[in-house]
Amino acid sequence: MTLPATKTDTKTATRTAARTRWLQDNGVYVAVVALLLFNAVFTSNFLTLGNFRTQLVQAAPVLIVALGMALVIGTEGVDLSVGAVMALAAAIIPLYLGAGPLLAILMALVAGLTAGAFNGFLVAKVGIQPIVATLALLVGGRGLALVIADGQLVQLHDPAFLALGTDDLLGLPISVLIAALLAIAIAGLTNRTTFGRQLVAIGDNRKAATLAGLPVNRVLVGVYTLCGVLAAISGVLATSRLGASDPADMGLLMELSAITAVVVGGTPLTGGKVRVLGTVFGVILMQLVRATLIKHNLPDSIAQMIQAAIIVAAVYVARERR
Amino acid sequence: MPTETSAGPVIEVAGVTKTFAGVRALDDVDFALKRGEIHALVGENGAGKSTLIKVLTGIHTPDGGRVTRNGQISTIYQEVNLVPLMSVAANLFLGREPRTRFGLIDRTRRDADAAELLRGYGITADVTSPLGTLAVGEQQMVALARAVEADADVVIMDEPTSSLEPREVETLLEVVRKLHQEGITIIYVSHRMDELYRICDTVTVLRDGRNVHSGPLEELPRIELVSLMLGRSVGEIEKHGTTAFGEDHHADTRPVLEARGLTSTPRINGVDVSIRPGEVVGLAGLLGSGRTETAKAIIGALPLDHGTVFVAGKPVPRNVKAATRAGISMLAEDRKTEGIIPNLSVRENIVLAALPRLSRFGVISRSKQDRIVDTFVKRLRIKVSSPEQKVAELSGGNQQKVLLARWLCTEPRILLLDEPTRGIDVGAKAEVQALIDELAREGLAVLLISSELDELLDGADRLVVLRDGEVAGELEGAQLTREHVLKAIAAEVMDDAASHQNRHQNSHQNSR
């Protein structure tokens, strides 16, 4: 009599496990579709080209940062300095804009690269925990940015540079196009390259990866550097769209938005898995949530609480992974 | 040993069984701890010691059987579980601090009490300094003092001396004796034969989750104790004699691997190992004798004080990457934490170490991967539904084969195998053993570590016996018998006179 009972138990257990796993893998897509349907019915003027355009332009900088964050989280790390790196990039733009937008952008990216490499050095070579190592730059980076900019907001007038944030290419805003291309590139990097696979292996079981002779330190430094460069790209695009260099406000709390998007997108904080498409949808979901609430005239404070609820839900679903 | 075993047992365990994820950690174990005795609990890795301790202390609930406790139990783990950043005195009285009239902690009294108390344990360190600043041995003593002060009737000491200096060991043993005189019952887990025989009254030997022997220690010759710990299982005896495993098939060539004077105090001390192509060299010794450490030192995963590893006569820099490039591969002892990458597929686990070779300009080539994975899945007969199956879903034996395949992909010249057949079923075990033999025949130099003596005797051409981190002897040819190995392992303790010319001339333990 006990045997059939146990059998049913196991069956229910596996079914629950399967359902949980399905939700972990696809929850973010379902949520995005559900939110779109909700808005299609209940929100006026939502399904318009103009609105989608606005949403995507707003989401692009977050996505670019989140892509780097997903890689870092894949190694069981975290990068809290991304917002500060964006501010650094913003502060550097006006210094070199006189010599042409290309040089200005290049220098901003070099700043991101340096900051990222510094983080990577602290984490991989010195062995400081990622959360602490990158906290240093979260605080110091923005300070440095303010020193560089002398604490001032600087209006930018270079038309070529401003075009980056306002113009279209192939019918799409340039920043959105860049974000999309980067997402494809990062997906390729994670799934198709030695670097990507080593990154995932290190995140899943660092001890085993070390004993397998993988270049653990090199990969870690590479991941943080890449994350820094992506944050700088995001800072450049956001500055261009704003039309001004504003190191005090640029990228403020960006690290939290990026981590949220990554986690909501199904990348576990425990490392060993990087979900690029999930991250893209995680960013879109959070953007849609905010847009929906704004369109229904709910204050930002409510939006924040709903975001919190979504994070808790995402972490709750991810909790039962095996 | 004088023991007044007045009342009944303090702890009694009858027919206890405990299973973890299908693996039987304890199998119908009986265990009785008499009041006032020092009871040695011994057994190799995975024999069930930790599980039994956790059942005794109530951390694990047994699946079956009965546990009776008549006293307050306190466990002192190998890794001291105190609060390193708090002061010594605070640690000592954590949770039961002396109070002032106002209910606040009376620091002055606490510190004075602590200092006096610790003096009795031979510790004169400043009790207001953080515990973490003390030497490991002293920390252990604080843990011990704390346990005793908390009115424990039973103190369980799990490998208390494994990281201590010889002088600290002496102090610890003194304290243990003192506690014994005060009537405290002690369970002493250790693999150091001389310590056991110096202080313990009774011994319980666990093997494969079973109690294979319980009785007075004095009546048990040391060699027999070792034999009981390493003993063979019934299945193995039947197989023995029918295998043509391990005949002398290595050529008389120069060694491809030479490790000289590997030293990493206090784990290993001056270990030499050399292996010729096609040779299987076994590392024998008890748990904690430095087997795994030797292998890790060879692959560059253990920081060394001295010693050099040569591959084909050339010194290898001390890091895993360089060692791997030189052709050394190591199958780690702990499959779960040091071997598999659980969330990746069988394919990705196999190609992991060889990734750079299987890609072009950093972009992986699936066709190359699929080809090599297919070859190894067939050759090692790995049972998978598809190479894309998650490696965590495989059985232990198949996971082990996946790891073996990972190393074979890198085309190594030297293969270090740390307990390659632990925790895998009998069928898979025989397959893995046959595979090792086959690989050696193809010219690979193999270092085989095993807790099972018979696996070593059957599989190895030559045995290096380790004891307390030093080479206690090398055996080959006709010397490859059970008796010789056991003698080499137990030698020091069998014959005290001989031990003087033997090793350890500079060790304090023997000068006594």
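**Notebook: two chains, one predicted model**

**Hairpin in chain B.** I started at a turn: strand 20 and strand 21 of chain B make a hairpin with 2 residues between them, and Asp468(B) in that turn has a positive phi of about 50 degrees. For the record, helices (H or I, at least four residues) and strands (E, at least two) are DSSP runs numbered from the N terminus. Strand 20 covers residues 462-467 and strand 21 covers residues 470-476; they pair in the antiparallel sense over 6 bridges. Pairing here needs at least two DSSP bridges between the strands. I looked up one bridge partner: Leu463(B) has Leu475(B) in strand 21 of chain B.

**Ground rules.** I am reading a predicted model, where local features need pLDDT of at least 70, side-chain atom pairs count only at pLDDT 80 or more, and totals for chains, interfaces and linings use all residues. Residues are numbered from 1 along each chain as its sequence is written, while chains are lettered from A and ligands numbered from 1 in the order in which they are written.

**Open sheet in chain B.** Next I traced a sheet of 4 strands, open, with the order 11-10-13-14 and antiparallel pairing. Which strands sit at its edges? Strand 11 (268-275) and strand 14 (314-315) of chain B do, as each pairs on one side only. Strand 10 (residues 257-264) and strand 13 (residues 306-311) of chain B are joined by 5 bridges in the antiparallel sense. Across that pairing, Glu258(B) stands opposite Phe310(B) in strand 13 of chain B. A reminder to myself: in a regular strand the side chains alternate between the two faces of the sheet.

**Chain B overall.** I get 19 helices and 21 strands for chain B. Its 512 residues are 49% buried, where buried is 20 or more other C-beta atoms within 10 Å of the residue's own, exposed is 12 or fewer, and partly exposed is in between, with C-beta atoms placed from the backbone. Of the chain B contacts between residues at least 6 apart in sequence, 68% join residues at least 24 apart; a contact is two C-beta atoms, placed from the backbone, within 7 Å. Chain B splits into domain 1 (9-235), domain 2 (244-327 + 414-512) and domain 3 (334-411), with bounds from an automatic or database domain assignment. Taken over C-alpha atoms, the centres of domain 1 and domain 3 of chain B are 42 Å apart.

**Thr57(B).** I found Thr57(B) in helix 1 (residues 49-57) of chain B. Is Thr57(B) buried, exposed or partly exposed? It is partly exposed, because 16 other C-beta atoms lie within 10 Å. Leaving aside neighbours within four places in sequence, Thr57(B) is in contact with Ile73(B) and Thr75(B). Val67(B) is 10 residues from Thr57(B) along the chain, and their C-alpha atoms are separated by 9.9 Å.

**Chain A overall.** Chain A comes to 13 helices and 4 strands. Of its 322 residues, 48% are buried. Residues 24 or more positions apart account for 78% of the chain A contacts with a separation of 6 or more. I checked the size too: a compact globule of 322 residues would have a radius of gyration near 20 Å, so the 21 Å of chain A agrees. That radius is taken over C-alpha atoms, and the globule rule is 2.2 Å times the number of residues to the power 0.38. The C-alpha trace of chain A spans about 85 × 55 × 35 Å along its principal axes.

**Positive phi in chain A.** Leu170(A) is not a glycine, yet its phi is near 55 degrees. Leu170(A) lies in the loop between strand 2 (168-169) and strand 3 (172-173) of chain A, and it counts as exposed because it has 6 other C-beta atoms within 10 Å. Asn297(A), also not a glycine, has a positive phi of about 60 degrees. I placed Asn297(A) in the loop between helix 12 (276-295) and helix 13 (300-319) of chain A.

**Where A meets B.** I find 19 residues of chain A in contact with 24 residues of chain B. On the chain A side, helix 8 (194-204) and helix 9 (206-211) each supply at least two residues. Helix 8 of chain A gives the largest share, 7 residues.

**Nonpolar core.** The largest nonpolar core has 245 residues, and Leu63(A), Leu416(B) and Leu447(B) are among those with the most contacts inside it. Such a core is a set of buried Ala, Val, Leu, Ile, Met, Phe, Trp, Tyr and Cys residues joined through C-beta atoms within 7 Å. Helix 10 (residues 216-242) of chain A gives the most to this core, 16 residues.
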